[in-house]
Amino acid sequence: MKQVFLIQAHKDLVQLNALVDALRDDDFLIYVNLDRKSAIDPAAVAPHARLVRERIDVHWGGFSQVQAVLDALVQIVAEVPAFDKLLFLSAQDFPLLSNAGLKRELARWREHELLDTVAIGAAPGQWAADHRYQYFHGNHAPRLLRFVYAGANRLLRFSKRTRRLPGGMRAYGGSSWWALSQACLLDLLARIGRAPGLLRFFRSVDCPDELFFQTMVMNSRFAGRVLGRNFRYVQWPEHGARHPEVLVEGDLARILASQAHFCRKIDSSASAGLVARLLALRMADADAGG
């Protein structure tokens, strides 16, 4: 069964092509989704990768992050009649397993959705991020719409009310990066096709890329298949930040101890020593039989 990789890219052609080359395999189909404002020349992307036709001007924290993925999914499910999972990657990811090892791990979790997820709320163990959807957000919306949102939020606070998710859904959140089955993705696309109000709601959510897919999957018949892990190693600064650290060779031990499938963030310059070590380990893994 084919595996599909969707790589979201906006910079660093050298790292992007290194990732594409690392994943080159007869059983892997690779799609690259270039941010419309990216300076990367599409013709310079490794030729064995397919390009997503509909390019979106992606802004961090806005619905454009979700829209770019949804547009890519529509193209992929039309072009690939059968696949096991679609793995959503950043161009700053890098695999920690050989391709044979990655196939083995994906086969191991074939009956699961690899999605990092947590319920949103104020109870212990939940993520206190309900403000992201309970009020209107539009950092990248037109000025007039931002004015409307501000007025609506004042009205909500004055009346001591908040927005609720459509259809009585419960909110979930987590990492933007995941691996979901074809059946799960087809179900998701069908649901938003039947209920366009879902997308309208999430257009005014703050950082919807960290809520949309978790909420949709956890409020579907696929919720019982969710493993609760996405097998990605990310290193966050100790004192908190909105963006993870760039990984370097000195991080190798922590990366390998994570038993993740991919790590990020990788930079073609700063992470050069780390990538060389990872390539050597992937080759040794392949020589040992995956």
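**Exercise 1. Find where Gln259 sits, and state whether Gln259 is buried or exposed.**

Solution. Start with the place. Gln259 belongs to the loop between helix H9 (252-257) and S10. Helices (H or I, at least four residues) and strands (E, at least two) are DSSP runs, numbered from the N terminus. Next, read the backbone. The phi of Gln259 is near 60°, a positive value in a residue other than glycine. Last, check accessibility. Gln259 counts as exposed, because its relative accessibility is 64%. The cut-offs are under 20% relative accessible area for buried, over 50% for exposed, and partly exposed in between (1.4 Å probe, protein chains only).

This is a predicted model: local features need pLDDT of at least 70, side-chain atom pairs count only at pLDDT 80 or more, and totals for chains, interfaces and linings use all residues. Residues are numbered from 1 along each chain as its sequence is written, and side-chain values use heavy atoms, with hydrogens and water left out.

**Exercise 2. Locate the cis peptide bond at Lys265.**

Solution. The bond joins Arg264 and Lys265, with omega about 10°. Lys265 lies in the loop between strand S10 (262-264) and helix H10 (272-287).

**Exercise 3. Work out the strand order of the open sheet and what packs on it.**

Solution. Begin with the order. The 3 strands run S5-S10-S9, with mixed pairing. Two strands pair if DSSP finds at least two bridges between them. Now the edges. Strand S5 (93-95) and S9 each pair on one side only, which makes them the edge strands. The twist averages 25° from one strand to the next. Axes are lines fitted to C-alpha atoms, for helices over the stretch in contact, and angles run from 0 to 180 degrees between N-to-C directions. Then zoom in. S5 and S10 are antiparallel over 3 bridges. Asp93 stands opposite Arg264 in S10. Contact means heavy atoms within 4.5 Å.

**Exercise 4. Compare the span of helix H2 (residues 64-79) with its expected span, then name some buried residues.**

Solution. H2 has 16 residues. The expected span is 1.5 Å times one less than the number of residues.
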